[in-house]
Structure formats: structure tokens, C-alpha cells
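Dear colleague,

Please find below the structure that I am handing over to you, followed by a summary of what was found in it. I would be grateful if you would read the two side by side.

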Amino acid sequence: MLNSQWLRTFVKLTETGHFTLTATQLGMTQPGVSQHLKKLEQQVGAPLITKIGKSFELTREGELLLSFALTAEKQEAELREAIQQDDPNTGEIRIACSGSMALYLYPKLLTHQNRHPGLTLKVEVAPNHRSLQLLQSNEMDLCIVTQQAQHSALEQQHIGNEPLCLVVPADFKGRAVSFGDLQKQGFIDHPDGQHYAERLLTPNFEEMASAKSDLRVTGYINQLSQILVPVARGLGYTVLPKTAVRSFEAQQKINILELKEPVSDPLYLTVKKHRPLPARYDWFHQEIAELCGQMSGS
């Protein structure tokens with residue numbers, strides 16, 4: 001890399017056009033200025049000036065170096081200004097979370113971006129382990145997971161709980177539902193369906209303990225936003241996190257059954273412990289915590 005001190009001397013020399021004046025303004029001696037110029041020429045491998053009496057002209061290489069030096073000075077000034085001015089309404093926001101959390105949070109977070117177009121919102125849908133990997137590799141800056149991370153470099157804040165919901169067609173409302181009723185209706189399966197069903201149905205239906213691997217499945221889809229469509233049409237029931245259920249448009253066509261033994265997952269807002277985030281993250285951190293708290297309490 002070019003010596004920054006020699007480069008500053010060279011730029012000042014081109015500004016003043018005089019060795020003595022350059023030395024005075026930089027608090028140096030005239031031989032010192034000449035020495036900086038000579039060392040810089042050795043580093044570049046070409047003469048930078050052509051002396052004409054007491055004045056000089058820049059060589060082709062000198063012109064190129066001056067252009068480079070002025071650009072570098074400008075970039076350094078812009079960098080310092082950016083560091084000093086941590087604008088809360090400008091820059092990229094990078095968040096990793098589950099698909100259900102994305103359905104719930106993303107539209108609400110976009111409202112803030114509407115008010116502040118200088119922000120860019122980037123949300124990566126990923127399972128817990130992948131979200132934590134993205135955070136640790138600095139590809140994401142915060143993530144929402146349902147497990148406590150076993151890593152000392154991460155800092156987690158419990159921001160609420162994500163209930164699992166037994167979702168049935170709307171005409172089930174007000175009815176006492178048995179496991180047999182659910183079996184008649186049929187289960188709409190999805191990538192996490194069997195896992196969610198086992199967790200929620202086992203403590204609430206005795207029959208489930210012996211039949212957990214034998215749910216009568218009447219449908220399967222791996223697109224989160226579409227899982228409740230067959231339920232709304234009376235083709236089955238399913239089990240999903242409340243965030244996914246509340247994001248479904250046709251709420252009047254589905255019903256969440258109240259169960260004696262609620263089951264939920266804790267939600268942890270996770271960041272790197274020793275990596276302070278820019279000011280623009282403050283609003284998102286607070287809003288996500290508040291929204292998740294509201295969701296788990298509703």
C-alpha cells in the first residue's frame with residue numbers, strides 16, 4: 001500500500017505548487033518534503049513531477065496518482081461521516097426467522113419502511129439452526145428462534161411464546177370435539193405437521209398417545225400460506241403456530257379450538273453479544289418484541 005504520509009505531502013505540494021510553502025503548511029523542512037516525494041516516486045516506480053525552474057509540472061504518473069489520492073481522501077471523509085452519523089432511518093435490516101413468524105411480522109415491519117424509504121428490509125425464512133448459522137456468519141444481524149442457543153457469543157431475549165393451535169373448519173365452533181371427530185375430519189399435513197400434532201394433541205386427547213403415528217391424513221402441502229385453505233373448505237384440520245393462523249385472510253372460515261392443555265414455543269430474539277447493531281435496528285428490536293408479546297398474550 002502507498003504510504004499515506006508521503007501521499008498527503010504530495011497532495012499538499014500539488015495544491016501549493018511550492019516546496020517551501022508545502023513544508024511550512026505541513027510543519028516540515030523543505031528537504032523533508034523532497035524526501036517524501038522521492039520515496040513516493042520509488043514506491044510508485046516512476047517520476048511524479050518535472051521541475052521547470054522553481055516550479056514544476058506533474059508527469060502522467062503524477063496526474064494519475066493525484067487523482068487516486070483525491071478519490072481516496074473523499075472516500076475516507078465519507079467513511080468517517082458515515083461512522084459518526086448513525087442514521088436510524090437509513091440502511092439494510094437483516095432478520096432471520098421461521099415462515100410463520102415472517103407471515104406475522106413482515107407486513108407490520110414494512111409499514112416502518114413505508115415511512116422511511118431509506119431503509120431496506122431483508123427477511124430470510126429459515127429453521128432455528130439455519131437462522132443461528134446466518135447470525136454467526138454475519139449474513140443476518142438478528143434472528144428469532146424457538147430454542148435457547150448453546151453459544152456464549154450469542155445474546156438472547158425472551159420476547160414471548162408462540163402457541164400451537166388446533167385449527168378446524170368454522171362449523172366446528174361451539175362443539176365439543178373428540179379425537180374421533182378429528183379422525184373423521186382428517187388431518188391436513190405439512191412439513192412440521194406430524195411434529196406439531198404430536199406435541200399438541202398428545203396431552204389433550206388420550207387416544208392420541210396410541211395413535212400418534214396413525215393420523216388419518218386427507219391432504220398435504222408444503223406452502224405455509226396455503227395450509228389453511230383446505231381447512232377453510234371443510235376438508236380437514238391441522239396444527240400450526242398462532243402466527244401462521246392469524247395471518248390467514250379467511251378468518252371467518254376457520255376456528256381455533258380451545259384445549260385444556262395449551263402448548264407453546266418460547267420465542268428468543270437473538271443477536272451477537274459483542275457486535276453492537278446500528279441505530280436503525282433499535283425500532284425493529286422494540287417492535288418485534290412488542291408484537292411477539294401481544295401475539296402470545298392474545
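**Findings**

T22 lies in helix α2. The model is a predicted one, and the remarks below should be read accordingly. With a relative accessibility of 0%, T22 counts as buried, since the limit for that class is under 20% relative accessible area. Leaving aside residues up to four places away in sequence, T22 touches T9, K12, L13, T16 and V33.

The crossing of α1 and α2 is right-handed. On the α1 side, the contact is made by T9, K12, L13 and T16, and on the α2 side by F19, L21, T22, Q25 and L26. Sorted by class, the residues in this contact are four nonpolar, four polar and one charged.

I turn next to the cysteines. How many disulfides does a search of the whole structure find? The search finds zero. For a disulfide, the two cysteine sulfur atoms would have to be within 2.5 Å. The closest cysteine sulfur to that of C97 belongs to C292 and is 8.9 Å away, which is too far for a bond. In the case of C143, the closest cysteine sulfur is that of C97, at 9.2 Å, again too far for a bond. As for accessibility, C97 is buried, with a relative accessible area of 2%, and C143 also counts as buried, at 0% relative accessibility.

Finally, there is a point of backbone geometry. N138 has a positive phi of about 65°, although N138 is not a glycine. Where is N138 found? N138 sits in the loop between α6 (128-136) and β5 (142-145). Is N138 buried, partly exposed or exposed? The relative accessible area of N138 is 31%, so N138 is partly exposed, this class being the one between under 20% and over 50%.

Yours sincerely,

A colleague

Terms used
Residues are numbered from 1 along each chain as its sequence is written. This is a predicted model: local features need pLDDT of at least 70, side-chain atom pairs count only at pLDDT 80 or more; totals for chains, interfaces and linings use all residues. Side-chain values use heavy atoms; hydrogens and water are left out. A crossing is left-handed if the near helix is turned anticlockwise from the far one by less than a right angle, and right-handed if clockwise. Helices (H or I, at least four residues) and strands (E, at least two) are DSSP runs, numbered from the N terminus. Contact means heavy atoms within 4.5 Å. Ala, Val, Leu, Ile, Met, Phe, Trp, Tyr, Cys and Pro count as nonpolar, Asp, Glu, Lys and Arg as charged, and the others, Gly among them, as polar. Buried means under 20% relative accessible area, exposed over 50%, partly exposed in between (1.4 Å probe, protein chains only).
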